[in-house]
Amino acid sequence: MPTPAPELFRFDNTYARALPGCYAPVTPATVPAPQLLQLNQALAGELGLDVARLDPEVGAAVFGGNLVPAGATPIAQAYAGHQFGGFVPQLGDGRAVLLGEVIDRHGRRRDIALKGSGRTPFSRGGDGKAAVGPVLREYVIGEAMHALGIPTTRALAAVRSGETVWRDRPLPGALLTRVAGSHVRVGTFQFFAVRGQHDTVRALADYVIARHDPDLAADPDRYLGLLSRVAARQAALIAQWMLVGFIHGVMNTDNMTISGETIDYGPCAFMEAYDPATVFSSIDAHGRYAYGNQPAIARWNLARFAETLLPLIDPDSSAQAIARATAVIEAFPDHYATSWLDGARAKLGLHGADADDETLAADWLALLAAQQVDFTLAWRRLGDAAAGDAQPLTGLFADAAALTPWLDRWRRRAERDGRSGDERRDAMQRLNPLYIARNHRVEEALDAASTHGDLTAFERLVEVVSQPFDERRGWERYAEPAPREVTARYQTFCGT
């Protein structure tokens, strides 16, 4: 058993205390030569970790799993899940260990977990390990999403383990330290509901209400209220994904959080040329989790969550419980559409609401799709057009004349609020990123780190995507789309 480490965090582990039976106690596996690859100093500061006083060897040992920090209660959480529509009654943390919870400097309770820390009772024959490439992918994409203002889990640290893990080939091993508002998922509820453990479902629901929606605690309809809150958070989250072209790639119910955070950056990617059918995941052969399907899949997942809560929503009448839960699920498309349209209006530089705004936004997307225009650059260059310089935008279109009628409509709509073109451009460029974690740049950075041990490209990419809205000289290559032939054959894989 690893030797206890000095106290790095002030843990307060409510999940382990309040929910016995919802997890298995575990100890992270030791690794031969932990080496700290990356430490997220800003996030460490939020969590109360004094980086200046952290011994690098101790940090590597803690984030590599060799030392369990004082106050931690390492556990592997139980959960089930629908994977590509098929239900698996037992999944759980097969390569992750929740060390515990801390209250950060903003008063928020946050989980700290290791990923790639070895076998647990939920490993199902796997080795419980992770490799350098997938660990650094999760790090950089999480930071990109955070900088874009999208709720997300984040990486606190990445550590090379000093051992080899075997996938389709030998790879250098690594661990990620992940921070989340919580790791409770739709699949967590499913694990106990499918076993008929309704008292545990109630305890879990009460726990997440106290943690994420404490104002509901005294509400007689708190379980229906919980369903509504989770649905609202997911509607807002998926709208944000869609507005930046993010494709999660594996939207199983065990990858949908109750907190409304993006979690599990496996086969994720950012879309380049706009196409709602875009799929990059190697395991999504039928496009279930394609970009354009994400809102509908979120609704489907929420329906599975609702099923777990039915005995709590109305213990006396299943018909009434179903009717009330169904009303929440049926309202989801409207909530999503409202979130998306509000975001699209802002990205289009429009103030207020007009009855034709939805059509204007839809026609904009239709233009991008018809001419395979880069999604990120189109929104960004529209801001230039707002300030009177349309050439950077029209240059993205093979047939610029097809854009002209739409631009005329957009200008007429935009001019109603009285702002100057420069003011509109500045507002739009605070919302429309120039730099995203473009897939070819991510692969370039991960390959250098994994194959050559060179973190230079990775560290620069993290720097760039952490400042997505501010154009910088010398960063031009990070704004450029990949060549079309590269994107056409690009695939992502489940890694960590």
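This is a predicted model: local features need pLDDT of at least 70, side-chain atom pairs count only at pLDDT 80 or more; totals for chains, interfaces and linings use all residues.
Visitor: Where is R154?
Guide: R154 is in strand β11, residues 154-166. Helices (H or I, at least four residues) and strands (E, at least two) are DSSP runs, numbered from the N terminus.

Visitor: Is R154 buried or exposed?
Guide: R154 is buried, with a relative accessible area of 6%. Buried means under 20% relative accessible area, exposed means over 50%, and partly exposed lies in between (1.4 Å probe, protein chains only).

Visitor: Which residues is R154 in contact with?
Guide: Leaving aside neighbours within four places in sequence, the contacts of R154 include N40, L43, R110, H146 and T177. Contact means heavy atoms within 4.5 Å. The side chain of R154 also makes a polar contact with the side chain of E143, at 3.0 Å. A polar contact is a pair of N or O atoms within 3.5 Å; within protein, one must be able to donate a hydrogen and the other to accept it, and residues adjacent in sequence count only if both atoms are side-chain atoms.

Visitor: With which residue does R154 form a salt bridge?
Guide: R154 forms a salt bridge with E46, and the closest N and O atoms are 3.8 Å apart. Since R154 lies in strand β11 and E46 in helix α2 (residues 41-46), the pair ties together parts that are 108 residues apart in sequence. Both R154 and E46 are buried. A salt bridge is a side-chain nitrogen of Lys or Arg within 4 Å of a carboxyl oxygen of Asp or Glu.

Visitor: How many salt bridges does the structure hold?
Guide: The structure holds 42 salt bridges. One of them joins the side chains of E163 and K129, at 3.0 Å from N to O. This pair links distant parts of the chain, 34 residues apart: E163 is in strand β11, and K129 is in the loop between β9 (109-115) and β10 (130-131).

Visitor: Are E163 and K129 buried or partly exposed?
Guide: E163 is partly exposed, with a relative accessible area of 22%, whereas K129 is buried, at 13%.

Visitor: Where do D422 and R425 lie?
Guide: Both lie in helix α14 (residues 421-429), three residues apart, which is about one turn of the helix. The side chains of D422 and R425 meet in a salt bridge of 3.6 Å, N to O. D422 counts as partly exposed at 41% relative accessibility, and R425 is partly exposed at 24%.

Visitor: Changing topic, why is strand β8 largely enclosed?
Guide: Strand β8 (residues 96-103) is largely enclosed by the rest of the structure because seven of its eight residues are buried. Seven bridges join β8 to β9, and the two strands run antiparallel. Two strands pair if DSSP finds at least two bridges between them. V102 has R110, in β9, as its bridge partner.

Visitor: And which residue caps helix α3?
Guide: D55 caps the N-terminal end of α3, with a side-chain oxygen 2.8 Å from the backbone nitrogen of E57. The buried residues of α3 (residues 56-63) are G59, A60, A61, V62 and F63.

Terms used:
Residues are numbered from 1 along each chain as its sequence is written. Side-chain values use heavy atoms; hydrogens and water are left out.
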